[in-house]
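Thanks for coming. I have one structure to go through today, and I will keep it short. Please have a look at the screen first.

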Amino acid sequence: FNPMDAVERPRVPRSPQKAYQPAHAAAFRRVVAGHRLELLYDLMFVQGFRRAEALALLITEYDAAVGVLKVSGQVQTVKGKTARKGKTKSESGVRYVPLTPRQQGMMTRHLVRLSDERKRLGVEWKEHGLLFPSACGTPMIPRTLNRHYYQTQEKAGIPHYTLHATRHTAATAMDAAKASRSQQKAIMGHSPGDVTESYIHPPIDELYKVLIAAEDVQMRWAA
């Protein structure tokens, strides 16, 4: 018997999340353009990737022939050690997500940049097979990404948005593009809300069309 079972635990209030205002998202994109993390942020804004899973994306799990990325793990810092774990936040977190044609072009340039970085550092490069490693090839410390993200916001002269706001921005754009709940869940890795939803598996070409439409929404915001 645990007497604490009868005690109602206090709820910790959570700050309300918000999506980026279109002008602010456009300003952020302008500042980060050409940076080694530009594609990472783009995937967070358009596909709604979580920070931990974006940092864990593997080069070998990008199928360039069809432009599809597999999400299969997380990068986390535990007791001062940062490492990639082959486990997502939830069972539905493991998924295949298409890239738009614009993003596929960005990926091609990103892989060339990674190859150049690897050659430049030589033996100092510590290969981990990551798409978005640290400057020396190791898993990037999540707080390092946070620091760069907020520095970029300052340079852009925009209000404070949490990194998770990029995920809300992605969901907002998908909603504006008339994506169904099952399509959004398949792209963003949300857990199904009920048993029926767990049986719905939208095909990749359907998700591809959704993302092109959602990307178009965001590009219009930037115009």
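Predicted model: local features only at pLDDT ≥ 70, side-chain atom pairs only at ≥ 80, totals over all residues.

First, the layout. The protein chain has nine helices and five strands. Of the 223 residues in the protein chain, 43% are buried. If you take contacts between residues at least 6 apart in sequence, 64% of them join residues at least 24 apart.

Now to helix H2, residues 38-46. How many of the nine residues of H2 are buried? Eight are, and H2 is mostly covered. The buried ones are Leu39, Leu40, Tyr41, Asp42, Leu43, Met44, Phe45 and Val46. Note that Asp42, which counts as charged, is on that list. After H2 comes Gly48, with a positive phi near 75°.

As background, nonpolar side chains in soluble globular proteins tend to be buried together.

Next, what H2 packs against. One partner is helix H1, residues 22-32. The axes of H1 and H2 are 10 Å apart, and the packing angle is about 160°. Because that angle is over 145 degrees, H1 is roughly antiparallel to H2. The crossing of H1 past H2 is left-handed. On the H1 side, the contact is made by Ala25, Phe28, Arg29 and Val32. On the H2 side, Glu38, Tyr41, Asp42, Phe45 and Val46 take part. By class, the residues of this contact are six nonpolar and three charged, with no polar ones.

On spacing within a helix, a general point: an α-helix has 3.6 residues a turn, so residues three or four places apart point the same way.

Met44, Phe45 and Val46 of H2 meet Thr166, Arg167, Thr169, Ala170 and Met174 of H6. This contact has five nonpolar, two polar and one charged residues. Phe45 and Val46 are listed in the contact with H1 and also in the contact with H6.

What does Tyr20 contact, leaving aside neighbours within four places in sequence? The list is Ala25, Phe28, Phe45, Tyr149, Gln153, Ile158, Tyr161, Ala165, Thr166 and Thr169. Among them, Ala25 and Phe28 are also in the contact of H1 with H2.

Two prolines come next. Pro22 lies in H1 and is partly exposed, at a relative accessible area of 29%. Pro22 and Met219 are 197 residues apart in sequence, but their C-alpha atoms are 9.2 Å apart. Pro159 sits in the loop between helix H5 (142-156) and H6, and at 39% relative accessibility it is also partly exposed. Its C-alpha is 9.7 Å from that of Gln21, which is 138 residues away along the chain. Not counting residues up to four places away in sequence, Pro159 touches His24 and Gln153.

Then Gln184, in helix H7. Is Gln184 buried or exposed? Gln184 is buried, because its relative accessible area of 14% is under the 20% cut-off. Its contacts, again leaving out residues up to four places away, are Ala171, Met174, Asp175, Ala179 and Gly189.

Most residues other than glycine have a negative phi. Lys79 has a positive phi near 55°, and Lys178 has one near 70°. Lys79 counts as exposed at 85% relative accessibility, and Lys178 counts as exposed at 72%.

That is what I had; questions are welcome.

How values were computed:
Residues numbered from 1 in each chain as written. Heavy atoms only, no water. Axes fitted to C-alpha atoms, helices over the stretch in contact; angles between N-to-C directions. Helix = DSSP H or I, 4+ residues; strand = E, 2+ residues; numbered from the N terminus. Parallel < 35°, antiparallel > 145°, perpendicular 65-115°, else oblique. Left-handed = near helix turned anticlockwise from the far one by under 90°. Contact = heavy atoms within 4.5 Å. Buried < 20%, exposed > 50% of the residue type's maximum accessible area, 1.4 Å probe, protein only.
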